[in-house]
Amino acid sequence: AYRIRDMISDVMLFARPPALDLQDCDLSDAVAAVIEVQRDRSAETADRLRWQSAEEPVLIRADSDQLDVVVSELVTNALEADSEGGPVEVRVTGSEEAVLEVRDVGPGLSESDRRHLFDPFYSGRQAGRGLGFGLPKCWRIVTLHGGRIAVEPLEPKGLCVRVHWPVAAGSGQAADAA
């Protein structure tokens, strides 16, 4: 019943995302809050997460609730990707655009997984483990905010997910870029 509830909720979010409640926020602060929640869940998770914040605030214009969903999904996916418990690196940088990067050392993706990564209901996990809406939900939220999401395999194994988010108008980064 809970899986069905979660699936319906994810379908609704994907098909009819709520109206954006945009506000200026620091991407580093938003990510730090999600990382803290993840670390509080278990000591093992706390040991695996490596967090690197930008030196200066990285101001973006975003719906804070939807931003939290993106960050939480990406970090959770990375933690679950490696069954051996390897490190997950989370990094925020910013200049002309804000970049959130999540890296894991899991098995990576097959060619089929890469082609369907953002397709709803597609999950590269074994049957019953994933609903197939984590990355499609992230893609939808990021694109609604005017950003883009890219996935790159790492060598010898692992994956890097990069979210490129436009900086807030009038922020120091946008002024420096002009």
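## Basis of the description

Residues are in contact when heavy atoms of the two lie within 4.5 Å of each other. Leucine 74, for example, touches Leu100, Val102, Leu135, Cys138, Ile149, Val161 and Val163, residues up to four places away in sequence being left out.

The model is predicted: local features need pLDDT of at least 70 and side-chain atom pairs count only at pLDDT 80 or more, while totals for chains, interfaces and linings use all residues. Residues are numbered from 1 along each chain as its sequence is written, and side-chain values use heavy atoms, with hydrogens and water left out.

## Overall organisation

The protein has seven helices and seven strands. Helices (H or I, at least four residues) and strands (E, at least two) are DSSP runs, numbered from the N terminus. Read from that terminus, the elements follow the order α-β-α-α-β-β-α-β-β-α-α-β-β-α.

Of the 178 residues of the protein, 39% count as buried. Here, buried means under 20% relative accessible area and exposed over 50%, with partly exposed in between (1.4 Å probe, protein chains only). Among contacts between residues at least 6 apart in sequence, 69% join residues at least 24 apart.

Five strands make up an open sheet of mixed pairing, in the order 2-4-5-7-6; two strands pair if DSSP finds at least two bridges between them. Its edges are strand 2 (49-52) and strand 6, each of which pairs on one side only. From one strand to the next, the twist averages 15 degrees.

Strand 2 and strand 4 run parallel and are joined by four bridges; tryptophan 51 has valine 90 in strand 4 as its bridge partner. Strand 4 and strand 5 run antiparallel, with six bridges between them, and they form a hairpin with two residues between the strands. Within this pairing, glutamate 89 stands opposite arginine 103 in strand 5. Strand 6 and strand 7 are also antiparallel and joined by six bridges, and valine 151 faces valine 161 in strand 7.

## Helices on the sheet

Helix 4 packs on the sheet and touches strand 2, strand 4, strand 5, strand 6 and strand 7, its direction making about 25 degrees with that of strand 5. Axes are lines fitted to C-alpha atoms, for helices over the stretch in contact, and angles run from 0 to 180 degrees between N-to-C directions. Helix 6 lies across strand 6 and strand 7, at about 135 degrees to strand 6.

Two packed helices are described by the angle between their axes and the distance between the axes. For helix 4 and helix 6, the angle is about 145 degrees and the axes are 9 Å apart. Their crossing is left-handed, a term used where the near helix is turned anticlockwise from the far one by less than a right angle. Gln66, Val69, Val70, Glu73, Leu74 and Asn77 in helix 4 meet Gly134, Leu135, Lys137, Cys138, Ile141 and Val142 in helix 6. The buried residues of helix 6 include Gly134, Leu135, Pro136 and Cys138.

## The nonpolar core

In soluble globular proteins, nonpolar side chains tend to be buried together. A nonpolar core is a set of buried Ala, Val, Leu, Ile, Met, Phe, Trp, Tyr and Cys residues joined through side-chain atoms within 4.5 Å. The largest one in this model has 36 residues, of which Leu27, Leu67, Leu74, Val90 and Leu100 touch the most other members. Elements giving two or more residues to this core are helix 2 (27-41), strand 3 (59-62), helix 4 (64-81), strand 4 (88-94), strand 5 (97-104), helix 6 and strand 7 (159-166). Helix 4 supplies the largest share, seven residues.

## Two loop residues

Histidine 145 lies in the loop between helix 6 (134-144) and strand 6 (148-153). Histidine 145 counts as buried because its relative accessibility is 9%. Beyond its neighbours within four places in sequence, histidine 145 is in contact with Leu20, Leu22, Arg61, Ala62, Asp63, Gln66, Trp165 and Pro166. A polar atom of its side chain lies 3.0 Å from the backbone nitrogen of aspartate 63.

Glutamate 84 is placed in the loop between helix 4 and strand 4. With a relative accessible area of 68%, glutamate 84 is exposed. Its C-alpha atom is separated by 9.2 Å from that of valine 105, 21 residues apart along the chain.

Definitions and conventions: A polar contact is a pair of N or O atoms within 3.5 Å; within protein, one must be able to donate a hydrogen and the other to accept it, and residues adjacent in sequence count only if both atoms are side-chain atoms.
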